[in-house]
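Could you walk me through this structure in a friendly way, as someone who is seeing it for the very first time?

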Amino acid sequence: MKKMHIELTINGKQVETLAEPRELLIHVLRERLGLTGPHIGCETSHCGACTVDLNGKSVKSCTIFAAQANGATITTIEGIAGPDGMHVLQNSFREHHGLQCGFCTPGMITRAWRLLQENPTPTEEDVRFGMAGNLCRCTGYQNIVKAILAAASELNSAKEAAQ
Ligand code: FES
Ligand code: FES
């Protein structure tokens with residue numbers, strides 16, 4: 001099948017690749033671009049393991065064709081950490097035991113990263129609602145919610161200290 005030329009900005013870098021029209025974004029990210037942070041859980045838009053940030057929105061990358069993302073700006077879990085090390089959210093998941101097997105974690109953190117930009121001061125209910133598209137088979141969610149709330153609080157304290 002004829003391949004399409006696709007241009008993306010991923011984690012701040014411009015990349016180009018070829019993909020068949022049938023290829024899902026998650027497959028192109030993992031198999032053609034080597035970004036294996038976003039995981040494939042269900043491939044049917046239920047689990048959220050494949051979540052990436054696409055043009056400022058959390059998107060399950062198994063739900064769109066790579067061709068539909070042509071020209072988009074994407075952040076994957078590989079782009080969440082800063083030059084000084086892990087993002088506050090990543091540290092918070094570690095400190096609050098927001099993971100067990102870790103399979104859902106890239107999607108969870110990528111979604112939480114956008115959630116805290118949409119709502120920097122979420123309540124527990126806001127976090128639970130905002131994370132409802134991401135499933136975890138291990139943790140029971142309590143520690144994931146705790147980790148996200150703690151990260152929000154730390155990010156807000158840092159903002160206040162900088163003012
Ligand atoms: S792999 Fe995309 S939602 Fe499960
Ligand atoms: S930590 Fe295992 S699926 Fe969430």
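## His 97 and the end of H2

His 97 counts as exposed, because its relative accessibility is 55% (exposed means over 50% relative accessible area, buried under 20% and partly exposed in between, with a 1.4 Å probe and protein chains only). The residue sits in the loop between H2 and H3; helices (H or I, at least four residues) and strands (E, at least two) are DSSP runs numbered from the N terminus. His 97 follows H2 and has a positive phi, near 55 degrees. Between the C-alpha atoms of His 97 and Lys 13 there are 32 Å, and the two residues are 84 places apart along the chain.

This is a predicted model, in which local features need pLDDT of at least 70 and side-chain atom pairs count only at pLDDT 80 or more, while totals for chains, interfaces and linings use all residues. Residues are numbered from 1 along each chain as its sequence is written, chains are lettered from A and ligands numbered from 1 in the order in which they are written, and side-chain values use heavy atoms, leaving out hydrogens and water.

## The two sides of H2

Which residues of H2 are buried? They are Leu 89, Gln 90, Ser 92 and Phe 93. These residues lie on the same side of H2, because they cover an arc of only 165 degrees around the axis (the arc is that of the directions from the helix axis to the C-beta atoms). On the other side of H2, Arg 94 and Glu 95 are exposed.

The cover over the buried residues of H2 includes H3 and H5, where contact means heavy atoms within 4.5 Å.

## H5, a helix of 21 residues

Helix H5 runs over residues 142-162 and spans 31 Å from its first C-alpha to its last, close to the expected 30 Å (the expected span is 1.5 Å times one less than the number of residues). Its buried residues are Ile 144, Val 145, Ala 147, Ile 148, Ala 151, Ala 152 and Asn 156. They are on the same side of H5, because their arc around the axis is only 165 degrees. An α-helix has 3.6 residues a turn, so residues three or four places apart point the same way.

Glu 160 and Ala 161 are exposed on the other side of H5. Helix H2 (88-95), helix H3 (105-118) and helix H4 (124-130) are among the elements that cover the buried residues of H5.

At what angle do H2 and H5 pack? The angle is about 135 degrees, and their axes are 8 Å apart; axes are lines fitted to C-alpha atoms, for helices over the stretch in contact, and angles run from 0 to 180 degrees between N-to-C directions. H2 is therefore oblique to H5 (under 35 degrees counts as roughly parallel, over 145 as roughly antiparallel, 65 to 115 as roughly perpendicular and the rest as oblique). The contact is made by Val 88, Leu 89, Ser 92 and Phe 93 of H2, together with H5 residues including Ile 144, Ala 147 and Ile 148.

H3 and H5 pack at about 40 degrees, with their axes 11 Å apart. That angle makes H3 oblique to H5 as well. From H3, the contact uses Met 108, Ala 112 and Leu 116, and from H5 it uses Ile 144, Ile 148, Ala 151, Ala 152 and Leu 155. The crossing of H3 and H5 is right-handed.

In H1, the buried residues are Leu 25, Ile 26, His 27, Val 28 and Leu 29. The elements covering them include S1, S2, S3 and strand S5 (73-75). Gly 34 follows H1 and has a positive phi, near 70 degrees.

Leaving aside residues up to four places away in sequence, Pro 38 touches Ile 26, Arg 30, Ala 49, Cys 50, Val 52, Thr 76, Ile 77 and Glu 78. The C-alpha atoms of Pro 38 and Pro 106 are separated by 5.9 Å, although the residues are 68 apart along the chain.

Note on methods:
Left-handed = near helix turned anticlockwise from the far one by under 90°.
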